[in-house]
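Subject: Structure for your review

Dear colleague,

Please find the structure below, together with its sequence. My notes on what was found in it follow directly after.

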Amino acid sequence: MKSETDSAEVTLQNARRAAMAVLARAEASELQKAWNEWPDQPDVQLLRGPETGLVMVRGRIGGGGTPFNLGEATVTRATVELSNGQVGHAHALGTDKEKVRHAAIIDALWQDETSRPAVEDQIVEPIRQRLDRQDSTRRDETAATRVDFFTMVRGEDE
Amino acid sequence: MYVAVKGGEAAIDNAHRLLADRRRGDRSVPAMQIEQIIEQLGLAVDRVMSEGSLYDRELAALAFKQARGDMIEAIFILRAYRTTLPRFGYSEPVDSGTMQIERRISATYKDLPGGQLLGPTFDYTHRLLDPGLMGDEAVGTPPRREAGDRQAPRVSDILAHEGLIENDSDLPDDHPAGDLTREPLEFPMARDVRLQALSRGDEGFLLALGYSTQRGFARSHPFAGEIRIGEVEVEIDVPELGFSVCLGRIQVTECQMVNQFQGSSKSPPQFTRGYGLVFGQSERKAMAMSLVDRSLRASELGEDITAPAQDEEFVISHADNVQATGFVEHLKLPHYVDFQAELDLVRRMRAEFLASQAGDDVADNGVEAAQ
């Protein structure tokens, strides 16, 4: 029984992580629009940030070996609390504070079971689809530059 | 006694206003937008990020604009900016194996899983000036081809099976990653810190050193095993959440250089490797970095140290162009008092020299007279 609860929690956590990853890569304008169009907006209190700092990005020696410090990246983070008590959190590369504030609000809305389906369907999923389309276009453009080797047969065998 | 001399405030102020004017240039020409720099001068932006050691395209483009296109000045500005920000933490190591690939080539295998993907490369262009770019000629959309879900494993992983190539790294698993932004450099250094220093090192310096190894100064018989460019996800562990979150993606260039190795008392004959990993699209830098990474492993692999590219202290101490430009350029700042002191010293030494010469002449004359 306990393991079932655990695995349900893990599933929920993974779904939240996936949603947060989409929000981190979203355009600021997408999140602003989503929040502006959200019905019955709760009051939002900032618990932390939005604040910009640095994350030291790590790589691995040889690609898969011991970690090393590659260089830093700017990161902005925010934590908000909605009037219903739900706490939301967001981190994203870059320095856009408004984007991250909106992402934290949407994360809080996502965690509320009553608003989660709407957040997934109306906000996260459309952005995810746009990002996937963008990736797929890029992959197809790269694939067009794939080298097809062929061998020139010379001589008079035929 | 130290005498402070003041002055020049008005001149400095006016010089900076003149700089602002010259930076802007002819007002009838539209000002360059940050987006234009990011979109159309992307490789310049990437170089500023890589050597500024700060991944942020917008800020790097701003620094580039502010520096009037002077790379090292822009890098300096970006480095200075980073010191104003708090450090939130360290990311999980990025995984180049799951990269969203934009270019991937291997000079060692023709038919490798995932294929040779040329991507947006200058290779095979004829390097002829394109008059079309004098104006704003329309550019078509690039062709596409169904990519499917082909995987492109790292070439080093393909080679590893036969034991013909060394492992990714031999540092112990619990080796803590050193951070040269936090601890002063110490020689000899572990390979992780060296890679951090090389990744932010000056492209021109590393290029010249890499070139020197090819020309015979520490020959290392390199093959470009693989070069890949693309986006990788950056994740950070957030303690208050209890799990790691994705922050977004960054573009990196990775180079795996494969080098011949005769073997030594420590290792059997096998291929060794040099590694390069750089922010942005920066193939030349990643290749040079991997050549220099390999040459700096000379003592680890029991090779004779005969060339500059193998001298760790020499290479790492001089690879940082912000440090280098600081020390070289400080020479133009007022050294009036130092120079005055030197001038006095030279005058005194010269007087002594001339006096002793005069004395010798007298002595010589004396000898002649005696003869």
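Of the 158 residues in chain A, 39% count as buried. Please bear in mind throughout that this is a predicted model.

**Chain A as a whole**

The secondary structure of chain A consists of four helices and three strands. Read from the N terminus, the order of these elements is α-α-β-β-β-α-α. With a radius of gyration of 22 Å, well over the 15 Å that the globule rule gives for 158 residues, chain A is more spread out than a compact globule. Along the principal axes, its C-alpha atoms fill a box of roughly 85 × 45 × 35 Å. Among the contacts in chain A with a separation of 6 or more, 52% are accounted for by residues 24 or more positions apart.

**Helices H2 and H3 of chain A**

Helix H2 (residues 28–36) of chain A packs against helix H3 (residues 97–111) of chain A at an angle of about 45°, and their axes are 9 Å apart. At that angle H2(A) is oblique to H3(A), and the crossing of H2(A) past H3(A) is left-handed. From H2(A), the contact is made by A:Ala28, A:Leu31, A:Gln32, A:Ala34 and A:Trp35. H3(A) contributes A:Glu98, A:Lys99, A:His102, A:Ala103, A:Ile105 and A:Ile106. Divided by class, the residues of this contact between H2(A) and H3(A) are seven nonpolar, two polar and two charged.

One residue of helix H4 of chain A deserves a separate paragraph, namely A:Val119. Is A:Val119 buried or exposed? A:Val119 has 21 other C-beta atoms within 10 Å; the cut-off for a buried residue is 20 or more, so A:Val119 is buried. Leaving aside neighbours within four places in sequence, A:Val119 is in contact with A:Ile106, A:Leu109, A:Trp110 and A:Val124. Of these, A:Ile106 is also among the residues through which H3(A) meets H2(A). A:Val119 and A:Trp38 are 81 residues apart along the chain, and their C-alpha atoms are separated by 9.3 Å.

**The contact between the chains**

Chain A gives 49 residues to its contact with chain B, and chain B gives 65 residues. On the side of chain A that touches chain B, the elements that give two or more residues are helix H1 (2–25), strand E1 (44–60), strand E2 (67–82), strand E3 (87–93) and helix H4 (116–143) of chain A. Which of these elements provides the largest share? It is E2(A), with ten residues. By class, this side of chain A has 19 nonpolar, 18 polar and twelve charged residues.

**Chain B as a whole**

In chain B the secondary structure comes to twelve helices and six strands. The radius of gyration of chain B is 27 Å, well over the 21 Å that the globule rule gives for 371 residues, so chain B is more spread out than a compact globule. The C-alpha trace of chain B spans about 100 × 70 × 55 Å along its principal axes. Of its 371 residues, 35% count as buried. Residues 24 or more positions apart make up 63% of the contacts in chain B with a separation of 6 or more.

**Two helix pairs in chain B**

On the H3(B) side are B:Ala44, B:Val45, B:Val48, B:Met49 and B:Gly52, which meet B:Arg57, B:Ala60, B:Ala61, B:Ala63 and B:Phe64 in H4(B). The residues of this contact comprise eight nonpolar, one polar and one charged.

The other pair is helix H7 (residues 191–199) of chain B with helix H9 (residues 283–295) of chain B; their axes come within 10 Å and cross at roughly 150°. The crossing of H7(B) past H9(B) is right-handed. B:Leu195, B:Leu198 and B:Ser199 of H7(B) make this contact with B:Met289, B:Val292 and B:Asp293 of H9(B). By class, the contact of H7(B) with H9(B) has four nonpolar, one polar and one charged residues.

Yours sincerely

Definitions and conventions
Residues numbered from 1 in each chain as written. Chains lettered and ligands numbered in written order. Predicted model: local features only at pLDDT ≥ 70, side-chain atom pairs only at ≥ 80, totals over all residues. Contact = placed C-beta atoms within 7 Å. Nonpolar A, V, L, I, M, F, W, Y, C, P; charged D, E, K, R; others polar. Rg over C-alpha atoms; globule rule 2.2 N^0.38 Å. Buried ≥ 20, exposed ≤ 12 C-beta atoms within 10 Å, placed from the backbone. Axes fitted to C-alpha atoms, helices over the stretch in contact; angles between N-to-C directions. Parallel < 35°, antiparallel > 145°, perpendicular 65-115°, else oblique. Left-handed = near helix turned anticlockwise from the far one by under 90°.
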